[in-house]
Every structure is written in C-alpha cells, then in structure tokens.
Amino acid sequence: MKIFKILKDYRTKYEDPIILSVGDLVNLGEEEKEEKWKGWIWAEIDIKKGWIPIQIVEISADKKKGKILENYTAKELNVDKDDQVLKVKALNGWTWVRKTTNNEEGWIPDEIIE
C-alpha cells in the first residue's frame, strides 16, 4: 500500500459520531449542496446524528427515511501536518485512512492528503 502525507492539521468537528449497522432505519434531512461534498445526506437515529454517504442508504419514496445497507461510522480522524496515512476507502471527497504510527482509523477530507 502507498503511504500518503498529510498537508495540514485537521481536527474533527463531531466528537460523538453517528455509527450505523446494516438494517438500521434513520430519519433523513437535507443533502449536502456544496459541490465538493456532494453525495452526503444528514441522518439521525436515536440521539445520534451526522452526515452519511448516500451510497449506503436505501431512501424511502418520501425521502424522509432510509434503511442502512452497510455498516458505517462517521468517525473523523485528528491528524497533524506531515503525519503519514494509508488510504483505505475514498468516498464523496473524503477518505477513510489509517495512521502508520498507531493504526488509528477515521475519515479526513481529501484536500488535506498529499
């Protein structure tokens, strides 16, 4: 696997991320409108809420509910400039990465990856 360098510090904005399992039913909100983040939709389940990729949800006809098609966590990773990461999965302007120093994983925006 190729190692990538982080171009600038990034800190999560969501300390308590939404975590979903296959079959979960969520209430859906607005789709992201900003071009570089297209493909994300706001979801809520119980007291958890956050952005999820549209690709993992089967949206109801009225677009207010969704059924989750794959396990998902919105965990973002805190990284510092020059950290080294391995890319695991890229989706809608974000990449799930693993730090080479401690194997911690999470989402970071593509724009901060070398």
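Me: Between which strands is Asp46 found?
Reply: The model is a predicted one, in which local features need pLDDT of at least 70, side-chain atom pairs count only at pLDDT 80 or more, and totals for chains, interfaces and linings use all residues. Residues are numbered from 1 along each chain as its sequence is written, and side-chain values use heavy atoms, with hydrogens and water left out. Strands are DSSP runs of E, at least two residues long, numbered from the N terminus. On that basis, Asp46 is found in the loop between strand 4 (40–45) and strand 5.

Me: Is Asp46 buried or exposed?
Reply: Buried means under 20% relative accessible area, exposed over 50%, and partly exposed in between (1.4 Å probe, protein chains only). Asp46 has a phi near 50 degrees, a positive value in a residue other than glycine. Because its relative accessibility is 77%, Asp46 counts as exposed.

Me: Which value does phi take in Asn92?
Reply: Most residues other than glycine have a negative phi. Asn92 lies in the loop between strand 9 (84–91) and strand 10 (94–99), and it is buried, with a relative accessible area of 17%. Although Asn92 is not a glycine, its phi is positive, at about 55 degrees.

Me: Which residues does Val79 touch, not counting residues up to four places away in sequence?
Reply: Val79 sits in the loop between strand 8 (72–73) and strand 9, and its relative accessible area of 0% makes it buried. A contact means heavy atoms within 4.5 Å. With that sequence exclusion, Val79 touches Ile6, Asp9, Tyr10, Arg11, Lys99, Ile108 and Ile112.

Me: How far apart in space are Val79 and Glu44?
Reply: Along the sequence, Val79 and Glu44 are 35 residues apart. Their C-alpha to C-alpha separation is 26 Å.

Me: What separates the C-alpha atoms of Thr101 and Arg11?
Reply: Thr101 is placed in the loop between strand 10 and strand 11, and at 72% relative accessibility it counts as exposed. Thr101 and Arg11 are 90 residues apart along the chain, and their C-alpha atoms are separated by 17 Å.

Me: How many helices and strands does the chain have?
Reply: Helices are DSSP runs of H or I, at least four residues long. Read along the sequence, the pattern is β-β-β-β-β-β-β-β-β-β-β. The chain therefore has zero helices and 11 strands.

Me: What radius of gyration does the chain have?
Reply: The radius is taken over C-alpha atoms, and the globule rule is 2.2 Å times the number of residues to the power 0.38. The C-alpha atoms fill a box of roughly 45 × 30 × 25 Å along the principal axes. For 114 residues, a compact globule would have a radius near 13 Å, and the chain agrees with this at 15 Å.

Me: Which strand gives the largest share of the lining of the largest pocket?
Reply: On a 1 Å grid over the protein atoms alone, a pocket is an open set of points where a 1.4 Å probe fits, with protein on both sides within 12 Å along at least five of seven lines, and lining residues have an atom within 4 Å of a point. The largest pocket holds about 380 Å³ of space; of its 18 lining residues, the closest to its centre are Tyr10, Tyr14, Trp51, Glu76 and Trp94. Strand 5 (48–53) and strand 11 (105–109) each supply at least two lining residues. The largest share, three residues, comes from strand 5.

Methods:
Points joined across faces, edges and corners; volume = space filled by probe spheres on them.
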